[in-house]
Each structure stands twice: as structure tokens, then as C-alpha cells.
Amino acid sequence: MDTVSNSTATTMAARFRGFLPVIVDVETGGFEAERDALLEIAVVSVRMDASGLLVPCPAVAANVEPFPGANIDPRSLEVTGIDPDHPFRGALPERQALDHVFAAVREAVKETECQRAILVGHNAAFDLGFLNAAVRRVGHKRNPFHPFSCFDTATLGGLAYGQTVLSRAAIAAGVPFDTREAHSAIYDAERTAELFCEIVNRWRRLELSEQEKPTPLAV
């Protein structure tokens, strides 16, 4: 993760009440977090530039081994294109996969002087549900994410652009989106991060433009 100056770190910490937005995308073997396999996870933290605008950082990701007894719906694999048994997938057990991405998130939280990470996702309850289920399964004690609060870019995209589908909201925000690359945790996390930053920055630019307006003269 890139280091940031003390001034922008302090501002970043203040922007979301001490929470650092971290975009998360998971690819899974179904829709039931407690019984279906977690197969991929990617996280993208954000930083703030000198103008107060958010910029995404590089993604940190892991392919994940299905936990013992996990269900994998073949229809989900048709959508994601994931082959859980591919010899070159380099998948990690759930505990190691979480350790890998959580270490990067904790470092980002520290660098930005925040207290905790808050998950940002497109239909965020889905990603948060699978993340929390994996945390419970492995008994992880150092989860850097808030356990139930999150930012949902489906909702934010509907507010800002009238679009709730990720590809359509991204395009409306000026973020290129290749549907052939979709349903990869890294790709979807990166596009979701760009969308989130564009929405937040839209409000920041509005704030800056309001500050630049001349003060009306008193009558």
C-alpha cells in the first residue's frame, strides 16, 4: 500500500468518522454464505489526494480453497468461469486467504490514521455476509472490518446516476466496464472502487464549487 502524508491521512480519517472505506468483492459457489464456498476475494483500499478527492489503490486478492463440506452450485461456476480444481489456481485455505487480505487492510487503516475498515461493495450485504461467514468458520480474531455497517454502491449508483447494475452504473460514471472480464473478484472490486470514488468525488467537487462562489453582498 502506498504511504500518505500526515495531512491527507488525517483528512481521510475525518471524512468517514474514522472508518476507511475498503472495497471488497467475493466470488462464490452460490448465494448462501454459511454453506456455499468462498472461491475468490479481492480488496481495494482508497486514499485521499491534496484536493480531498479519493483515489483507489492496487487490489490485493486471493483465490480460496472451498472449506470442507462446502456446497458449490455448478450454475455459479458457469457465471464466474472459476474451476475450483484447476492446478494453477494457487488457492489458499480460508484462514490464509483472510490473513493475506486482512494484513493489507490493517496496514491501510494504520497509514490513513483510521480506526477500522468499512466494507464497500456492490450489493454489499452479499460480500459482507460471505466475509463474516468465513471469519466465523476459521475463528479469525483480527477482522479489520466493521461487522455489520457497509457502503453499498448499488444504492449509491441509483442515487447518483439512476443505475443500480454495476456495469451500467460504472459506465454512467465514466468508468470503462468490460462485461467479458466481469465476475472476477479483482476486476469487479477495481471497477466498484472506481465507481465509489467517482460518486464520493462528485460530492467533493460540488463542495469545492460552492466554496468558490462569491459571498453575496449584504443589502
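Predicted model: local features only at pLDDT ≥ 70, side-chain atom pairs only at ≥ 80, totals over all residues.
Begin with strand 2, residues 38–48, and strand 4, residues 60–63, which pair in the antiparallel sense over four bridges. If you pick out E40, you can look across to strand 4, where the bridge partner of E40 is N63. Staying on strand 4, colour V60 and A62, which make up the covered face, and then A61 and N63, which make up the uncovered one. Such a pattern can be read with a general rule in mind, namely that in a regular strand the side chains alternate between the two faces of the sheet.

Next, select D127, which lies in helix 4, residues 124–138. Is D127 buried or exposed? Its relative accessibility is 2%, and because buried means under 20%, D127 counts as buried. Apart from neighbours within four places in sequence, D127 is in contact with V24, D25, V26, L119, G121 and H122.

Finally, show helix 5, residues 153–161, together with helix 7, residues 185–212, whose axes come within 10 Å and cross at roughly 45 degrees. That angle makes helix 5 oblique to helix 7, and the crossing of the two helices is left-handed. To see the contact itself, display T153, L156, G157, A160 and Y161 in helix 5, which meet T192, L195, F196, E198, I199 and R202 in helix 7. Sorted by class, this contact of helix 5 with helix 7 has six nonpolar, three polar and two charged residues.

Definitions and conventions
Residues numbered from 1 in each chain as written. Heavy atoms only, no water. Axes fitted to C-alpha atoms, helices over the stretch in contact; angles between N-to-C directions. Parallel < 35°, antiparallel > 145°, perpendicular 65-115°, else oblique. Left-handed = near helix turned anticlockwise from the far one by under 90°. Contact = heavy atoms within 4.5 Å. Nonpolar A, V, L, I, M, F, W, Y, C, P; charged D, E, K, R; others polar. Buried < 20%, exposed > 50% of the residue type's maximum accessible area, 1.4 Å probe, protein only. Pairing = 2+ DSSP bridges.
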